[in-house]
Amino acid sequence: MSKYESTIDLDRCISKISRRDHTAVEELYREFSGAVYKYALVILRDTGLAEDAMQNTFLRIMASAGTYKLGTNPRAWIFKITRNVCMDIHNSKIPSADDVEPEILSDDHSINDVSEAIAVREAVSRLTDREREVLSLYLFGGLKQTEIAKIMGLSYVRVRSIYECAIKKLRKEFCE
């Protein structure tokens with residue numbers, strides 16, 4: 001269960017960050033770093049770049065917390081910053097094959113877990129960039145489709161269409 005179930009609690013946290021409260025930064029980092037990293041990984045497709053994007057996102061949050069308008073959507077604000085950081089990284093560096101680190105699975109994963117993970121990764125890799133991004137914001141960010149539309153600069157109808165198309169593709173992969 002998230003510590004920041006309500007927008008008011010998250011607003012308070014961001015307000016504290018604007019006043020340079022390091023405890024609030026640590027709390028926000030613990031709560032959102034995983035989701036921010038996963039979203040960045042979906043966009044950048046590189047573990048090292050996603051890690052950089054996650055760290056840069058929290059630096060930007062600290063720098064711009066004073067400009068956040070209380071009472072708006074703090075989750076959408078965090079993921080909009082993440083998206084902007086990822087776009088900056090993507091535009092400044094196109095990763096080569098040498099830059100991509102292979103993911104190492106720990107020994108506690110069974111063969112079935114590994115094969116299922118590979119199947120999911122392959123299915124998701126067949127989605128378009130936009131489909132992956134919409135799914136990531138929905139699943140990892142916990143955002144509503146209207147919020148995703150604002151972040152991505154698309155209409156709600158377009159986001160809903162992208163989401164439904166992605167789900168249909170995944171169902172086709174796993175249900176046939």
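The following exercises, each with a worked solution, concern a predicted model.

Residues are numbered from 1 along each chain as its sequence is written. Because the model is predicted, local features need pLDDT of at least 70 and side-chain atom pairs count only at pLDDT 80 or more, while totals for chains, interfaces and linings use all residues, and side-chain values use heavy atoms, with hydrogens and water left out.

**Exercise 1.** Find where in the chain confidence is lowest and where it is highest.

*Solution.* Begin with pLDDT, the predictor's confidence in each residue, from 0 to 100. The chain averages 82, and 81% of the residues score at least 70. Next, compare the elements, where helices are DSSP runs of H or I with at least four residues, numbered from the N terminus: helix α5 (residues 111-125) has the lowest confidence, at a mean of 69, whereas helix α3 (residues 47-64) has the highest, at 94. Finally, note that over residues 94-111 the pLDDT is below 50, and that this stretch has 13 contacts beyond near neighbours in sequence, a contact being heavy atoms within 4.5 Å. Where pLDDT is low, the predicted coordinates should not be read in detail.

**Exercise 2.** Check the span of helix α4 against the value that its residues lead you to expect.

*Solution.* The expected span is 1.5 Å times one less than the number of residues. For the 19 residues of α4 (residues 74-92) this gives 27 Å, and the end C-alpha atoms are 27 Å apart, which agrees. At the start of α4, a side-chain oxygen of Asn 73 comes to within 3.1 Å of the backbone nitrogen of Arg 75.

**Exercise 3.** Compare the salt bridge of Arg 83 with that of Arg 12.

*Solution.* A salt bridge is a side-chain nitrogen of Lys or Arg within 4 Å of a carboxyl oxygen of Asp or Glu, and the structure holds eight of them. Arg 83 pairs with Glu 133, with the closest N and O atoms 2.4 Å apart. Since Arg 83 lies in helix α4 and Glu 133 in helix α6 (residues 129-139), the pair ties together parts that are 50 residues apart in sequence. For accessibility, buried means under 20% relative accessible area, exposed over 50%, and partly exposed in between (1.4 Å probe, protein chains only). Arg 83, at 16%, is therefore buried, and so is Glu 133, at 7%.

Turning to Arg 12, its partner is Asp 9, with the closest N and O atoms 3.4 Å apart. These two residues are three apart in helix α1 (residues 7-18), and therefore about one helical turn separates them. Arg 12 counts as exposed at 52%, whereas Asp 9 counts as partly exposed at 31%.

Technical notes: Polar contact = N/O pair within 3.5 Å; in protein donor to acceptor, adjacent residues only side chain to side chain.
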